[in-house]
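I opened this notebook page to record a few look-ups in a single model.

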Amino acid sequence: NLYQSFNAVAKKEVEVPVKPTARDLLRTNLSFDIDSVYCSPSKRSIQTARLVTSYPKVLEELMEIGFKMEDFISEQDFYNQQGKPRVLEARKSFVKALIHNNLEESYEEVFNRIELLLKLILQDKSETILIFSHGFLMKVIEAYIKDPSIKNYPKRLLKYFDGTVETFKFCEGFMLEITKN
């Protein structure tokens, strides 16, 4: 079922491959030249990055936030009385579990990775950098860039990402322009 499949992917028991249509979708949405490509060590992230370059830079810092579904919602609570999945409730519970350190990976560990990642990116002299990672992590990175204080004040994350909207889908994300300062 959907809960078990989410959990299998989260626990890295199953690696989801990229769909054959991904190349066309990516080319349609990618309208600029890329100098450097970074990606998560997950199979789907590497496969996606290889649609852009043969040699992506694989970074552990881009791994999905470590969790198991049972960290924040039980299988029973995931489904409503009619048997429909409560994905919105699960997503909101995920964010709350993150800020309360109830996931496999602590809030502090996530932000240590993010800061290391940003330091690596700032050292890259490339003109244009493309990053492939996972929706939850990318939402947290985006929030941190907007408001670095969320590292020390976890509840502030809810202002930028509370789980009421979906994370980024394939070929979605955000653009960041970095100036010399």
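**Entry 1: the model.** I note at the outset that the model is predicted.

**Entry 2: length of helix 7.** I looked up helix 7, which covers residues 135-146. At 1.5 Å a residue, its 12 residues should span 16 Å, and I find the end C-alpha atoms 17 Å apart, so the two values agree.

**Entry 3: burial of helix 7.** How many of the 12 residues of helix 7 are buried? I count 10 as buried, and I therefore record the helix as mostly covered, a residue being buried when its relative accessible area is under 20%. The buried residues run from Gly 135, Phe 136, Leu 137, Met 138 and Lys 139 to Val 140, Ile 141, Glu 142, Ala 143 and Tyr 144.

**Entry 4: what covers helix 7.** I then asked what lies over these buried residues. The cover includes helix 5 (87-99) and helix 6 (107-123). Strand 3 (129-132) and helix 8 (157-160) are also among the covering elements.

**Entry 5: Lys 12.** I located Lys 12 in the loop between helix 1 (2-10) and helix 2 (22-29). Its phi is positive, about 65°, although Lys 12 is not a glycine. Is Lys 12 buried or exposed? I record Lys 12 as exposed, because its relative accessibility is 51% and the cut-off for exposed is over 50%.

**Entry 6: Asn 101.** I found Asn 101 in the loop between helix 5 and helix 6. Asn 101, a residue other than glycine, has a positive phi near 55°. With 45% relative accessibility, Asn 101 counts as partly exposed.

Key:
Residues are numbered from 1 along each chain as its sequence is written. This is a predicted model: local features need pLDDT of at least 70, side-chain atom pairs count only at pLDDT 80 or more; totals for chains, interfaces and linings use all residues. Side-chain values use heavy atoms; hydrogens and water are left out. Helices (H or I, at least four residues) and strands (E, at least two) are DSSP runs, numbered from the N terminus. The expected span of a helix is 1.5 Å times one less than its number of residues. Buried means under 20% relative accessible area, exposed over 50%, partly exposed in between (1.4 Å probe, protein chains only). Contact means heavy atoms within 4.5 Å.
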